[in-house]
Amino acid sequence: MSNFKQRTLIYFAAVSAGALLLSNLAAIKLWDLFGIAVDGGVVVFPLTYIIGDLIVEFYGRRIARNVILASFLVNVIAVAVFYIVIALPVYPGWELQSAYASVLGFTPRIICASLIAYLCSNFTNNYLFTRLRNGHSVFKNSFIARALGSSAFAHIIDSAIFETVAFLGVLPFSDFVAQAVFAYLLGIGFELILSPVEAWIAKKLRPRLCEYQNNNQFSFEITKRIPGKLGRAGIIHTPHGDIQTPAFMTVGTRGEVRYLSMKDLKSIQAQAMLSNGYHLRNISEEIADQGGLAKWSGWNGPTLTDSGGFQVMSLGSGCGKVVSMEKERNVTNAEKKDRLAHVSEDGVHFHDPFTDQDDFIGPKESMEIQCRIGADIHMAYDELTSLADSYEYNKEALARTERWARRSLQVHKKHCDDLGYHQALYGVLQGGRWEDLRRSTARKLAAMDFDGYGLGGAFLKESLGEILRWCCEELPEDKPRHLLGLSHPDDILIGTEMGADTFDCVAPTREARHGRIYTRHGNIAIKKFADSDELIEEGCDCPTCQAGWTRGQLRALLKSPDPKDREKYFNLASIHNLRFIIRLTEEARAAILDGTFDQYKENFLKDYYQKNA
Ligand SMILES: [Zn+2]
């Protein structure tokens, strides 16, 4: 897939450069040397526009930013070449060669300037478009007003950048200004003519250029079961790739895992990334414009988004991170008047602490947001109850969650193919710690047309396995199940045994940042290892251990006053902990395939909890 994209880009770039060169050479023959600027621009503009679009379309904004930087660099070199060439003495009979040579120095400037200008205006345009859409009512209702408003402003920036990069120091100042005005008008003209054509081409090209995997479908196959148990090893097929289960999904709440690059994620064999609809909701339009979460984030693999229900509700119940597994008695709900979120039949009204504005998310809003973000797997909108809520309240909330599940399905069906690939929807099971509630809701959601199921809710650690068993016994066997927000080794092994296929949690990276490092023989506090030259873990296959980092070195980085050192620590420690959990799921999978899961689980837990026991 990526080879095909690269070939396309190179093809466009070659055509663009070739056309520019030819037009410039023709211009020298016919007109004077600096006339080429305009004529070259006429040819190069549309072509670099297309290249710019392709870069943003297929490689995302992060790459586009690098292209801008690289273009600036090429430009600086081109300026140097240009001035060297025109500074050289011209011998009689060499005038034409000299002109050719200076054009060769000049050509990269035009290409770079045009590309930089286009990408910058693309960014401005997107930013303004999003701002205007959320802002004034005139803009809210009129697509044309928004498009013209943002595009006009973007073109002012565009021509300013283009003129400065391409011509400053090359033309006399008055010509420079005249040309700037001309280029501005030219730019607007091109935009008006090209935009609809480009949009049409992009729409036609997108499905052909994006060769989604698995025939652009979502499906699940079971490879092997754990004899006599609910657990299994399988493969989830998504349009952005396969997930071999059981699997741990790394959490990139805002589309990136803190302190880790996408390359780091690949190096620890991460299979999928989970992001949050709540945190990304205000830039969901921008993500959609970029072709969805996988492309926008640069991850380019399978993705999942949470509905945002959890975040909204944790604002509400005031118990912070609701998964307070060990200490039920300490969990209390905030007084109603102090809560930041209020549940109604349609959804949740809440006060967003980030924007300091009142907001509302219901099942309809959540589905629209998630379909714009465009992960391969979405979660239906649910109401999360806390451990402090009563049976009666849970029953009421559950009935609401079931109504929201139906609404989520309806809205999702409308938008699940909007971005050109198929997006799947999981129903989310709540029901607290009550068997009758868990089983009845599992039966009801099982009868609905979901692609898989999220296992949610606040769990007491000792009842996790039991609750999962109730749910998974009722759920259809051929659909995948995701255990939301848990990842300690015992949670993963018990979850796997009881039929969960995928997991996610912020714990591995958060604990790493707090100095807690995972090893097969329990966790260690890195702070206690001053000057230790012991490896973090002998035999660990993570890039950190493979590079030979010792506990003492890691501790020194964590304790360093230099923020760069601490960042390095966060990166190295997060890599180790994430790889530890990912490897655990890989080993669990291998053990299921070998028929030795029970033995593997027992040995692993015995080693891991020996210290804690
Ligand atoms: Zn390691």
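Visitor: Where is the place of Val-257?

Guide: In this predicted model, Val-257 sits in the loop that links β4 (247-251) and α7 (262-267).

Visitor: Is Val-257 buried or exposed?

Guide: To decide, we count the C-beta atoms around a residue, and 20 or more within 10 Å make it buried. Val-257 has 25 other C-beta atoms within 10 Å, so it is buried.

Visitor: Which residues does Val-257 touch?

Guide: Setting aside residues up to four places away in sequence, Val-257 touches Thr-250, Val-251, Gly-252, Leu-265 and Thr-509.

Visitor: How many bridges join β12 and β13?

Guide: Strand β12 (residues 452-455) and strand β13 (residues 481-483) pair in the parallel sense over three bridges. Look for Leu-455, whose bridge partner in β13 is Leu-483.

Visitor: What is the order of the strands in the open sheet?

Guide: The open sheet has three strands, ordered β1-β2-β3, and the pairing is antiparallel. From one strand to the next, the twist averages 15 degrees. Helix α20 (residues 563-594) packs on this sheet and touches β1, β2 and β3, its direction making about 120 degrees with that of β2. Between β1 and strand β2 (residues 232-238) there are six bridges, in the antiparallel sense. As an example, Glu-221 has Ile-235 in β2 as its bridge partner.

Visitor: Now a helix, please. How far does α13 reach?

Guide: Helix α13 (residues 391-415) has 25 residues and reaches 35 Å from its first C-alpha to its last, close to the 36 Å expected at 1.5 Å a residue.

Visitor: Which residues of α13 are buried?

Guide: An α-helix has 3.6 residues a turn, so residues three or four places apart point the same way. With that in mind, find the buried residues of α13: Asn-394, Ala-397, Leu-398, Thr-401, Trp-404, Ala-405, Ser-408, Val-411 and His-412. The buried residues of α13 pack against α12 (363-373), β10 (377-379), β11 (424-429) and α14 (435-446).

Visitor: Why is α12 described as largely enclosed by the rest of the structure?

Guide: Nine of the eleven residues of α12 are buried, so α12 is largely enclosed by the rest of the structure. Among those buried are Pro-363, Met-367 and Arg-372. After α12 comes Gly-374, with a positive phi near 75 degrees.

Visitor: Which residues touch the most other members of the largest nonpolar core?

Guide: In soluble globular proteins, nonpolar side chains tend to be buried together. The largest nonpolar core here has 87 residues, and Cys-471 and Leu-554 touch the most other members. α20 gives the most to this core, with twelve residues. The core draws at least three residues from each of domain 2 (214-505) and domain 3 (506-613). Leaving aside neighbours within four places in sequence, Leu-554 is in contact with Ile-526, Ile-536, Trp-549, Tyr-569, Leu-572 and Ala-573.

Terms used: Residues are numbered from 1 along each chain as its sequence is written. This is a predicted model: local features need pLDDT of at least 70, side-chain atom pairs count only at pLDDT 80 or more; totals for chains, interfaces and linings use all residues. Helices (H or I, at least four residues) and strands (E, at least two) are DSSP runs, numbered from the N terminus. The expected span of a helix is 1.5 Å times one less than its number of residues. A residue is buried if 20 or more other C-beta atoms lie within 10 Å of its own, exposed if 12 or fewer, and partly exposed in between; C-beta atoms are placed from the backbone. Two residues are in contact if their C-beta atoms, placed from the backbone, lie within 7 Å. Two strands pair if DSSP finds at least two bridges between them. Axes are lines fitted to C-alpha atoms, for helices over the stretch in contact, and angles run from 0 to 180 degrees between N-to-C directions. A nonpolar core is a set of buried Ala, Val, Leu, Ile, Met, Phe, Trp, Tyr and Cys residues joined through C-beta atoms within 7 Å. Domain bounds come from an automatic or database domain assignment.
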